[in-house]
Amino acid sequence: MRTTITVTTHQREELVDITEPIRRAVAEAEVSDGLLALYVQGATAAIMIQENWDASVPCDAVKLLQQLVPRGVWEHDSQDGNGDSHLKAGLIGPSETIPIINGKMGLSTWQGIFLCEFDGPRRERKVVCTLIAM
């Protein structure tokens, strides 16, 4: 089963919690055991599993990446000014795989799924969700 989640972002760099729409997609699929593969389309976005209980954690992740990969110092900036966005997306990566156990995602209590936006805001980011039953 495959579905696509569409996400709107509001800042140049932010982590958007997409756990609930993905949880709904898993429930609708009625897969008891298997794997969920998530993939964000776009060269300046990524997927991250991180704590979603405390809002400071995703904010800290953005701040860390801003410090590690500063804006405005990369060769690609001469093309369209987003060299840092490509590098941040490459470091985090476009995908995650989550086990499905007894019909639910195998995330721990505090884990959530985030779309990482590094070149926003964007009206539409697409996350492809592929469920493989076992």
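In what order do the elements of the protein chain run from the N terminus on? The answer is β-β-α-β-β-α-α-α-β-β-β-β. That makes four helices and eight strands. Keep in mind that this is a predicted model.

Overall dimensions next. The radius of gyration of the protein chain is 15 Å. The globule rule gives 14 Å for 134 residues, so the chain is as compact as a globular protein of that length. Along its principal axes, the C-alpha trace spans about 50 × 30 × 20 Å. Of the 134 residues, 40% count as buried. Now look at contacts with a separation of 6 or more: residues 24 or more positions apart account for 83% of them.

On to the sheets. Follow β5, residues 95–101, to β6: two bridges join them, and the strands run antiparallel. There, I101 has K104 of β6 as its bridge partner.

The other open sheet I want to show has three strands, β2-β7-β4, again with antiparallel pairing. Here the edges are β2, residues 14–17, and β4. From one strand to the next, the twist averages 35 degrees. Seven bridges hold the antiparallel pairing of β4 and β7. In that pairing, I47 stands opposite L115 in β7. Helix α4, residues 83–92, packs on this sheet and touches β4 and β7. The direction of α4 makes about 50 degrees with that of β4.

Now the interior. In soluble globular proteins, nonpolar side chains tend to be buried together. In this model, the largest nonpolar core has 21 residues. Those with the most contacts inside this core are I18, I22, L36, M105, I113 and V127. Which elements each supply at least two residues of the core? They are β1, α1, β3, β4, β5, β7 and β8. Apart from this core lies another, of 10 residues, including V62, L65, A89 and F118.

Let me stay with I22. Its place is in helix α1. Is I22 buried or exposed? I22 has a relative accessible area of 0%, so it counts as buried. Leave aside its neighbours within four places in sequence. Then I22 is in contact with I5, L36, L38, M105, I113 and C129. One more pairing to look at: I22 and L131 are 109 residues apart along the chain, and their C-alpha atoms are separated by 11 Å.

Last stop, the aromatics. How many aromatic pairs does a search of the whole structure find? One. The partners are W53 and W110, and the pair is edge-to-face. The distance is 5.6 Å centre to centre, with 65 degrees between the planes. W53 lies in the loop between β4 and α2, and W110 in the loop between β6 and β7. The pair therefore ties together parts that are 57 residues apart in sequence. And accessibility? W53 has 63% relative accessibility, so it counts as exposed. W110, at 48%, counts as partly exposed.

Conventions: Residues numbered from 1 in each chain as written. Predicted model: local features only at pLDDT ≥ 70, side-chain atom pairs only at ≥ 80, totals over all residues. Heavy atoms only, no water. Pairing = 2+ DSSP bridges. Core = buried A, V, L, I, M, F, W, Y, C linked by side-chain atoms within 4.5 Å. Buried < 20%, exposed > 50% of the residue type's maximum accessible area, 1.4 Å probe, protein only. Contact = heavy atoms within 4.5 Å. Phe/Tyr/Trp six-rings, centres within 6.5 Å; stacked < 30°, edge-to-face > 60°. Axes fitted to C-alpha atoms, helices over the stretch in contact; angles between N-to-C directions. Rg over C-alpha atoms; globule rule 2.2 N^0.38 Å.
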